[in-house]
Protein chains: 2
Amino acid sequence: MAKNVSFKYVNIKNGFWRHRQTTNRDVTNKAVRDRFIETRRFSALDCTWDESMPKPHIFYDSDVAKFIESAAYIVQKDPDPELERFVEGLIDKIQKNQCENGYFNSYFLAVEPDNIFKRRDAHELYCAGHLTEAALAWYDATGSDRFLAIMRRFIDYIEKVFVVDQSASFMTPGHEEIELALFKLYRATGEVRYRDLAMFFLNNRGTNDKDTTDFVDSWINAFYNQSHAPVREQFTAEGHSVRACYLYAAMADAAQETGDDALFEACKKIFDDIVSRKMYITGGIGQSHVGEAFTVPYDLPGRRAYAETCAGIAMAFFALRMFEIDPDSKYADVIERLMYNGILSGVSLGGSEFFYENPLEIYPPFNNKDVSVSEEHREHFPAAQRMEVFDCSCCPPNLTRFIASIGDYIYSKIGEGVFINQYISSDFAEGKIKVKMEADYLTSGSVRITATGVNFIAARMPSWCKSFAINQPFSREGGYVFIYNTSKPIELQFEMTAKLVSASHLVIENNHKVALTYGPLVYCAESADNGPNISNLAISRNLNAEIKFDPYMAADVITVDGWRLYEQESLYADYTGRSTKTRIKFVPYFAFANRGEAEMLVWMHAI
Amino acid sequence: MAKNVSFKYVNIKNGFWRHRQTTNRDVTNKAVRDRFIETRRFSALDCTWDESMPKPHIFYDSDVAKFIESAAYIVQKDPDPELERFVEGLIDKIQKNQCENGYFNSYFLAVEPDNIFKRRDAHELYCAGHLTEAALAWYDATGSDRFLAIMRRFIDYIEKVFVVDQSASFMTPGHEEIELALFKLYRATGEVRYRDLAMFFLNNRGTNDKDTTDFVDSWINAFYNQSHAPVREQFTAEGHSVRACYLYAAMADAAQETGDDALFEACKKIFDDIVSRKMYITGGIGQSHVGEAFTVPYDLPGRRAYAETCAGIAMAFFALRMFEIDPDSKYADVIERLMYNGILSGVSLGGSEFFYENPLEIYPPFNNKDVSVSEEHREHFPAAQRMEVFDCSCCPPNLTRFIASIGDYIYSKIGEGVFINQYISSDFAEGKIKVKMEADYLTSGSVRITATGVNFIAARMPSWCKSFAINQPFSREGGYVFIYNTSKPIELQFEMTAKLVSASHLVIENNHKVALTYGPLVYCAESADNGPNISNLAISRNLNAEIKFDPYMAADVITVDGWRLYEQESLYADYTGRSTKTRIKFVPYFAFANRGEAEMLVWMHAI
């Protein structure tokens, strides 16, 4: 068993991710806060709604919770008395409105007090889970246990309703999340009943969901919320992808905490199902907007991708937990794919605008094509432009907490041995272990690691890297190189080349196409650089790549040889195959759509 | 002004279309009849519905009407007393239930008698139009005017309600069709008021639709049923594609009958909009299942194509009428594209199974991919297999009437000059004009025309043909070669080659892809011939085509050189571009999906 090192012990002082964390702290978190004020998400905690006001959403509490959790991670590293006071004010509201019995949910208390724990679809346990995670983070960051005490009272009540009295209209959450919170609570407090409550929800799922609400008869089926089979008999990723990966992450927690092999085997199979059959090259998961769900293997449409930012984050949670049980580089590889591509794309370079969906192709002229029907009946395409706020605003505060806690993903330990999972400039000290890493990972590919008090350093060999150099003797295992002599700095050099990647022949959409990558970054072409009709372009196998650092993106842009089809005025004409030579500019996928609405393309034809 | 020669004067005695007409008569029309008996479409004419019975559809009368019209065309050429008796029995029912005031609609009389002419969306005038066309055809075929008299009484009543009293809840039909019937009625009877009633509906459209029903506020907008602008200011094809093309055909009728230049200009612009920006290579139109509608220019998705069979037929009606005003080969070219591809594909080779939608690509594994939601909420894909009957069964009887009257599309006249629009083995005699054509058009490309009593023969040069030979001197105009010396047989030889066609660079779906054609036929590859994963194939520019006649399809199958991608087990891997040489077999598009559910592909990558 490995143990991931908490971001608390990790300092990120410079480089790509420090830059991102600064923007996250100074811009993104403030933008989320401003939007939440405007949209009355915070004031909904007052529980004073009446018919004259816009109705709050059932999941507002979870948005607030993720904001608080993000604030906790930020103030833990960079104290901010004003932000702390603001959060304490939110906690005041929660405390004031918590029921005698411990219950708190701003929506149900204000809008549907008669339906408490009667609607499986209504995110009550989901909100409770997020609030609990926020309370734990706030306690960690500030030492104040007021919020945590509130949430422990609420959890006590949940235990009473669901386990002791079994008086709720359902047995398992319609949207998983509380299971993750309960494992965190168990670890923080050592109280076994939290773990047992999590296991109660896991063990009843798919066997005894007792869903007596109307929702079961409606547009979804049991796959949607992973109630189609007992968790130990779930071997493929199914249904709503955020729900799914929160569940799978909790299953991994459970496997770790209880040593349950059947659960771990299910987790491994599900992980492989996602990574080998249902994941975009950007790491994005949940292919379809229909149910925001996983679909069938190899169905990976580009223009109609869903690939919700939150699902990517949930997948990172799942992978992070899997590594602890099974220290293999494949988990960190997936996290890397996500953190530099399909998650990071969810926020603009400036930090104040977001994507909920992360398509692999945008062609604005076809996005609103069903002109003869009203807008809500048109075929759905992902937004072509970043937005300041969404109605369903789960992704922005999920991003802020992910970026603020990116330090969680860098190091793991087995005893005094340290795994380097992500190459991020940072230092980490815990007990006698001290590690310092200087990484120029996205550009030159060079990494320097200084370590004291360790038995070994295990450095991940990224799946994209075919050639590397190390200045020390090493052995290889599980995708890591193990260096036992750490008396002098370890110098790693990954060969960085612009290269083309193909998808499996079963991904029919991408047959005969390629994606350009450079290190862990997936690239895309945009009409902002290449003029309109970028699908007319084809990339040359003989890339002749020019790589140039772009300070605004804090990464390289790449220009390669390619071809542009001759324009054909006739709708149909004899094929000539004529094209003209051109250069094609690619930018990192995470930086797409930062210059207004434009065409974008990841998978491009190769000639 | 040219005049199209009615199928009545044209005999098709052998060859491809005779074969199709025989199947149509002996199998398809009987299959439609059997399905209509099963689904109570005929018995609905009894108007005896009560709550204990399944509700009839609002458009059942139009299905019955198209069946009768088809039967009329069939018995006109091949007398069939049993079929005639059957149809007379249907007319009995209509006669029996026609109201005192002339009204007849089996749905409204039985189900919603209080809502007569109160629901613009409810197809009443559409059904009346189809019944009128059927009555005219029945009169032509049998000489019996009983049905026609019934329908003239109904039309009188419609004139009273809509023009005189203006007492309906709407002013123009929600689904166009009656306008076409009224022009036919005007031509058959010479009574100007029928033309005027058609003009009333046309002139009020988009200016004074007076739609007081709820439907206007629902999921569609004014584009859906072409009410967004006055007809003379409609220059692009919009909305529900069958509605649209029935309207455009009627506008062409109106332009011809009234000499209205503004109407003709609108028709020309709309025709060009469709043909140059919104038509599949198969002739299919109406790109989206959302509203069964035209979308935006160059949006021509293959797997999600709608391209309804009925819309193709409606487009052929439009083109046929345009030719009479503007004798140009472009109209017959479009009819040819449709009749050999996107219309004919609507019926199986055996004649008893149908497609409503005619996609350009089928990949069954992804057709029902949204496994976590109920079936009606899944993303829509066209059926991957032909069906015996549909709930909405407009297409099968539309096909039977189209095929039975294919003779309408072959010849046109200007005085004693004869245009050969379609190369179909047939003879035609009208007055002193006699023309006989022997055409081996789909295979060898040779055509022999013998004519007496004509001033000239104008033979269409098909748009696909780059090289031809004629045994006579000729001049060229409007896409036709004019031969004035018809004293000896005219021998035409079109160069037949398997060739590749590309789509405009603005059709992003088809960039870097080609379609294989041979004469007027578009081809497709199927997994039945080429094994699974046909999107892995790429066609070689250097075709090396082997062409072989297939008696069952009554057309050639073509085998060409190509490449198959190496199978790549990993979801993502370094691009190798490796592929193996192979032969790829193509069948005519009209013959697709005749061997069970299988993959199909028209547009294929070219190497």
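Which residues is B:Met251 in contact with, leaving aside its neighbours within four places in sequence? They are B:Leu202, B:Val231, B:Leu263, B:Ala266 and B:Cys267. Two residues are in contact if their C-beta atoms, placed from the backbone, lie within 7 Å.

The model is predicted: local features need pLDDT of at least 70, side-chain atom pairs count only at pLDDT 80 or more, and totals for chains, interfaces and linings use all residues. Residues are numbered from 1 along each chain as its sequence is written, while chains are lettered from A and ligands numbered from 1 in the order in which they are written.

**View 1. B:Met251 in the nonpolar core.** The largest nonpolar core holds 432 residues. Among them, A:Met251 and B:Met251 touch the most other members. Such a core is a set of buried Ala, Val, Leu, Ile, Met, Phe, Trp, Tyr and Cys residues joined through C-beta atoms within 7 Å. Buried means that 20 or more other C-beta atoms lie within 10 Å of a residue's own; exposed means 12 or fewer, and partly exposed lies in between. In soluble globular proteins, nonpolar side chains tend to be buried together.

**View 2. Chain A overall.** Chain A has 14 helices and 23 strands. Both are DSSP runs numbered from the N terminus: helices are H or I with at least four residues, strands E with at least two. The radius of gyration of chain A is 24 Å, close to the 25 Å that the globule rule gives for 607 residues, so chain A is as compact as a globular protein of that length. This radius is taken over C-alpha atoms; the rule is 2.2 Å times the number of residues to the power 0.38. Of the 607 residues, 57% count as buried.

**View 3. The open sheet of chain B.** Six strands run in the order β1-β4-β5-β9-β12-β11, with mixed pairing. Strands pair if DSSP finds at least two bridges between them. At the edges stand β1 (3-4) and β11 (475-477), each pairing on one side only. Three antiparallel bridges join β11(B) to β12 (residues 480-483) of chain B. B:Arg476 has B:Val481 as its bridge partner.

**View 4. Where chain B touches chain A.** Here 61 residues of chain B are in contact with 61 residues of chain A. β14(B) gives the most to chain B's side, with five residues. That side has 27 nonpolar, 22 polar and 12 charged residues.

View 5. β14 (residues 498-503) of chain A pairs with β20(B) in the antiparallel sense over three bridges. A:Ser502 stands opposite B:Ala573.

Methods. Ala, Val, Leu, Ile, Met, Phe, Trp, Tyr, Cys and Pro count as nonpolar, Asp, Glu, Lys and Arg as charged, and the others, Gly among them, as polar.
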